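Please look at the sequence and the structure below, and then follow the questions and answers about strands and pockets.

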Amino acid sequence: MPDAARLARTAYVGFWRAARRGAERTGALAALDRRRAEHPRGAAAQVRSLFAIHDAADLVALDVPWWTTGAAARVEAHLAALGGGARVFEYGSGASSVWLARRAARVTSVEHHPGFAALVRDLARDAGVADRLELLEVEPERSAEPEVPSGRGGEAGLDYARYVRAIDRVPGELDLVVVDGRARAACVEAAARRLAPGGIVLLDDSQRPRYSRAVAASGLAVRRYRGWVPSLPYPRESAVLTLPRRP
């Protein structure tokens with residue numbers, strides 16, 4: 001990430017964390033929580049989420065994943081239709097891991113950062129869903145010629161092949177695969193091969209041009225959801241890719 005962009009992000013996060021302390025002292029945060037409880041998808045809910053930037057514990061408390069609201073609603077409806085019995089795989093853990101475990105029978109999440117994986121395990125334990133969430137820690141390997149490069153700035157020479165193949169540790173067909181971590185184009189390709197009929201892939205940040213070829217090659221039906229994302233002041237896009245049911 002360019003230095004200017006990194007500084008801007010740091011300043012933004014710092015601003016909202018300072019603003020949160022003030023909102024807690026004045027009671028404004030509690031007022032927003034009450035409004036959010038009354039209207040979970042209203043403007044107050046979005047404003048409240050801004051105070052949770054890069055705070056996985058707060059996002060767990062708000063019970064929201066870090067995807068666009070339309071895509072999250074689509075995934076929630078899909079899981080509800082399966083009666084809580086869905087089998088889920090997730091590339092990239094976080095507050096969404098707990099959100100999914102509250103709504104599915106089994107969630108397996110692969111995380112490239114061991115420290116963050118430990119944090120998510122603690123969040124799952126505190127939320128009472130540790131028995132339904134398995135965290136796999138798969139760090140990238142150093143390589144002069146990566147088989148699966150990240151595509152992310154600052155990660156040249158890292159190979160995410162083992163990370164992508166972590167989905168093969170889970171047997172059987174999957175009802176949902178969330179792609180919200182590293183090497184997303186390769187993860188979409190791996191996910192498309194593992195879906196049950198009617199299963200879906202949630203690809204976050206699908207507006208990025210480097211994912212377009214993988215989406216087109218997946219053979220899945222695509223619906224894009226552009227809109228607000230918890231804790232961010234600008235819209236993004238998440239896509240839902242669906243494998244049709246057999247006749």
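Q: Which handedness does the β-α-β unit made by E2, helix H7 and E3 have?
A: This is a predicted model, in which local features need pLDDT of at least 70 and side-chain atom pairs count only at pLDDT 80 or more, while totals for chains, interfaces and linings use all residues. Residues are numbered from 1 along each chain as its sequence is written, and side-chain values use heavy atoms, without hydrogens and water. Helices (H or I, at least four residues) and strands (E, at least two) are DSSP runs numbered from the N terminus, and a crossover is right-handed if, with the strands pointing away from the viewer, the path from the first strand over the helix to the second runs clockwise. The unit of E2, helix H7 (residues 114-127) and E3 is right-handed.

Q: Which residue in E3 stands opposite Val107?
A: Two strands pair if DSSP finds at least two bridges between them, and five bridges join E2 to the parallel strand E3 (residues 133-137). Opposite Val107 stands Leu133.

Q: Which element supplies the largest share of the lining of the largest pocket?
A: Helix H1 (3-26), helix H4 (56-62), helix H6 (95-101) and strand E2 (106-111) each supply at least two residues of that lining. A pocket is an open set of points on a 1 Å grid over the protein atoms alone, where a 1.4 Å probe fits, with protein on both sides within 12 Å along at least five of seven lines, and lining residues have an atom within 4 Å of a point. The largest share, six residues, comes from H1.
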